[in-house]
Amino acid sequence: MTAMTVKDLNQVQTLFSEAGLDYTIELEDGKISVMGPSDIVSSEISSRLIAFLFAWINPRRLGRVFDSAGGFIMPNTNVKAPDVSFVRATRLRQSPRYFGELVPDLVVEIKSQSDRIKAIETKVLKFIELGAVVGILIDPDEETVAIYRSTGEPIILANGDILTVPELFPGWELPVSELWPPIFTEEETQS
């Protein structure tokens with residue numbers, strides 16, 4: 001079997017798109033992998049994190065935030081699409097109408113219901129190995145946030161802790177509890 005290329009990935013993506021299929025497609029070591037939609041808790045956490053990041057990043061013109069549809073060609077020619085990613089403005093002055101051909105500065109993976117934590121951790125560590133400054137693994141089941149850097153062991157945060165990424169977002173703080181989807185009271189839903 002021949003190894004697949006970025007060109008092949010584009011063709012598969014076009015076929016999926018024409019068929020109305022909305023899947024995340026990645027290329028790793030010459031193999032195309034297709035990921036179906038994630039559960040809605042993971043999706044909501046992703047949306048919440050993107051909103052919090054964008055509200056800080058945009059007025060300061062620090063860079064660009066991407067969702068899971070944003071694909072990046074890695075130095076090893078793999079194409080990856082983190083659940084949430086950020087690239088500093090100095091590295092990406094304008095978004096191309098193509099995959100980003102760089103490793104994002106921040107990559108975030110959010111554990112879906114069917115994911116195995118070890119596989120996601122391996123993915124985050126690979127991003128760090130390839131040049132990401134910070135990798136974050138969010139586990140909604142345990143309500144924890146693991147922060148990875150090339151400088152050592154991950155830092156594990158839980159409810160009551162504050163998420164910061166000072167090397168990319170000086171001054172930004174997010175209580176970990178703000179990541180989790182709220183539970184609305186009956187009174188709140190009556191209005």
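**Labels and their grounds**

Analyst: Start with the hairpin of β9 and β10: six residues lie between its strands, and Gly-152 there takes a positive phi near 155°. Keep in mind that this is a predicted model.

User: What makes β9 and β10 a pair?

Analyst: The bridges do. Pairing needs at least two bridges between two strands. Four bridges join β9 to β10, so they count as a pair, and they run antiparallel. One of the residues involved is Ile-147, whose bridge partner in β10 is Ile-155.

User: Where does Thr-151 sit, and why is Thr-151 called exposed?

Analyst: Thr-151 is in the loop between β9 and β10. Exposed means over 50% relative accessible area.

User: Which strands make up the open sheet, and in what order?

Analyst: The order is β3-β6-β7-β8-β9-β10, six strands with mixed pairing. Strands of a sheet pair through backbone hydrogen bonds, either parallel or antiparallel.

User: What makes β3 and β10 the edge strands?

Analyst: β3 (63-66) and β10 (155-158) each pair on one side only. On average, neighbouring strands of the sheet are turned by 15° against each other, direction ignored.

User: How do you know that β6 and β7 are paired?

Analyst: The same test applies: at least two bridges are needed. β6 and β7 have three, so they pass, and they run antiparallel. Val-84 has Val-108 of β7 as its bridge partner.

User: Which helices pack on these strands?

Analyst: α2 lies across β3, β6, β7 and β8, and runs at about 170° to β3. Helix α3, residues 117-130, packs on the sheet too. It touches β7, β8 and β9, and its direction makes about 165° with that of β8.

User: What makes up the largest nonpolar core?

Analyst: That core has 26 residues. Ile-136, Ile-138, Val-145 and Phe-169 have the most contacts inside it. Two or more residues each come from α2 (40-60), β6 (84-88), β7 (106-110), β8 (134-139) and β9 (144-148). The largest share, five residues, comes from α2. Apart from this core lies another, of 16 residues, among them Val-87, Leu-102, Val-107 and Ile-128.

User: Which residues does Ile-138 contact beyond its sequence neighbours?

Analyst: Leaving aside neighbours within four places in sequence, Ile-138 is in contact with residues including Ile-45, Leu-49, Val-108, Ile-110, Val-145, Leu-179 and Trp-180. Lys-111 is also one of its contacts.

User: Why is Lys-111 called buried?

Analyst: The cut-off is under 20% relative accessible area. Lys-111 has 10%, so Lys-111 counts as buried. Lys-111 is in the loop between β7 and α3. Not counting residues up to four places away in sequence, Lys-111 touches Ser-42, Ile-117, Ile-120, Ile-138, Asp-139, Pro-140 and Asp-141.

User: How do you know that Ser-112 is buried?

Analyst: Its relative accessible area is 11%, under the 20% limit, so Ser-112 is buried. Ser-112 is in the loop between β7 and α3. Neighbours within four places aside, Ser-112 is in contact with Ser-38, Asp-39 and Ser-42.

User: Why does Asn-159 count as partly exposed?

Analyst: Partly exposed lies between the two limits, 20% and 50%. Asn-159 has 38% relative accessibility, therefore Asn-159 is partly exposed. Its place is in the loop between β10 and β11 (162-163).

User: What makes the link between the side chains of Asn-159 and Glu-143 a polar contact?

Analyst: The distance limit is 3.5 Å between N or O atoms. The pair Asn-159 and Glu-143 is at 2.6 Å, so it falls within that limit. The side chain of Asn-159 also makes a polar contact with the side chain of Trp-180, at 2.6 Å. Val-176 and Ser-177 are among the other residues that Asn-159 touches.

User: How much of the whole chain is buried?

Analyst: Buried residues make up 39% of the 191 residues. The chain has four helices and twelve strands.

Key
Residues numbered from 1 in each chain as written. Predicted model: local features only at pLDDT ≥ 70, side-chain atom pairs only at ≥ 80, totals over all residues. Heavy atoms only, no water. Core = buried A, V, L, I, M, F, W, Y, C linked by side-chain atoms within 4.5 Å. Buried < 20%, exposed > 50% of the residue type's maximum accessible area, 1.4 Å probe, protein only. Contact = heavy atoms within 4.5 Å. Axes fitted to C-alpha atoms, helices over the stretch in contact; angles between N-to-C directions. Polar contact = N/O pair within 3.5 Å; in protein donor to acceptor, adjacent residues only side chain to side chain.
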